[in-house]
Amino acid sequence: MFKELDPLLHSQLRLAVMSLLLGTEEADFVYIREKTGATAGNLSVQLDKLSEAGYIAVAKSFVGKKPRTTCQITAMGREAMAAYVEALKGYLNL
């Protein structure tokens, strides 16, 4: 029997965001948007979903008069990603 894949992480954009955040302490919105090729609106919606699930922490601040949004993966997010990878390994017989 296969483990169920976390539907929240199974989305291509959310998986890309989580993968990016695994390799960095934090990333800002513009960097994530550029790396994923997502539109600002879609990325914003997906970040909200990840944040509501507790997988990422989102901080909003200002640099001068310009708004800045940064994201960090949480411990819960790291655990969810590890479980997702393990479930994928089961599907791939690894």
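Q: What is Leu50 in contact with, leaving aside its neighbours within four places in sequence?
A: Leu50 is in contact with Leu8, Leu9, Arg14, Val17, Met18, Tyr55 and Ile56. Contact here means heavy atoms within 4.5 Å.

Q: What should I keep in mind about where these values come from?
A: This is a predicted model, where local features need pLDDT of at least 70 and side-chain atom pairs count only at pLDDT 80 or more, while totals for chains, interfaces and linings use all residues. Residues are numbered from 1 along each chain as its sequence is written, and side-chain values use heavy atoms, with hydrogens and water left out.

Q: What makes up the secondary structure of the chain?
A: Five helices and three strands, running α-α-β-α-α-β-β-α from the N terminus on. Helices (H or I, at least four residues) and strands (E, at least two) are DSSP runs, numbered from the N terminus.

Q: Which residues of the largest nonpolar core touch the most other members?
A: Leu50 is one of them, along with Leu9, Val17, Met18, Leu21 and Leu43, in a core of 22 residues. The term nonpolar core stands for a set of buried Ala, Val, Leu, Ile, Met, Phe, Trp, Tyr and Cys residues joined through side-chain atoms within 4.5 Å. Helix H1 (7-10), H2, helix H3 (29-36), helix H4 (40-52), S3 and helix H5 (75-92) each supply at least two residues of this core.

Q: Why is Cys71 called buried?
A: Buried means under 20% relative accessible area, exposed over 50%, and partly exposed in between (1.4 Å probe, protein chains only). Cys71 has a relative accessible area of 0%, so the label buried applies. Cys71 sits in strand S3 and, neighbours within four places in sequence aside, is in contact with Leu21, Glu26, Ala27, Ile32, Leu47, Ile56, Ala57 and Val58.

Q: Why does Gln46 count as buried?
A: Gln46 comes out at 8% relative accessible area, so it is buried too. Gln46 belongs to helix H4, and beyond residues up to four places away in sequence it touches Ser11, Leu13 and Arg14.

Q: What makes the pairing of the Gln46 and Arg14 side chains a polar contact?
A: A polar contact is a pair of N or O atoms within 3.5 Å; within protein, one must be able to donate a hydrogen and the other to accept it, and residues adjacent in sequence count only if both atoms are side-chain atoms. The two side chains make theirs at 2.4 Å.

Q: Why is Arg78 given the label partly exposed?
A: Its relative accessibility is 39%, so Arg78 counts as partly exposed. Arg78 is in helix H5 and touches Leu22 and Ile73, not counting residues up to four places away in sequence.

Q: How do you know that S2 and S3 pair?
A: Two strands pair if DSSP finds at least two bridges between them. S2 and strand S3 (residues 66-73) have eight, in the antiparallel sense, with Ser61 opposite Arg68 and Ala59 opposite Thr70. Their hairpin has two residues between the strands, and Gly64 takes a positive phi near 65° there.

Q: And what about S1 and S3: over how many bridges do they pair?
A: Two, again in the antiparallel sense. Asp28 stands opposite Thr70 in S3.

Q: What makes S1 and S2 edge strands?
A: The open sheet has three strands in the order S1-S3-S2. Strand S1 (27-28) and strand S2 (56-63) each pair on one side only.

Q: How does helix H2 lie relative to the sheet?
A: Helix H2 (residues 12-22) lies across S1, S2 and S3, running at about 80° to S3. Axes are lines fitted to C-alpha atoms, for helices over the stretch in contact, and angles run from 0 to 180 degrees between N-to-C directions.

Q: Which residues of H2 are buried, and why are they said to be on the same side?
A: Leu13, Arg14, Val17, Met18 and Leu21 are buried. They cover an arc of only 135° around the axis, so they sit on the same side of H2. The arc is that of the directions from the helix axis to the C-beta atoms.
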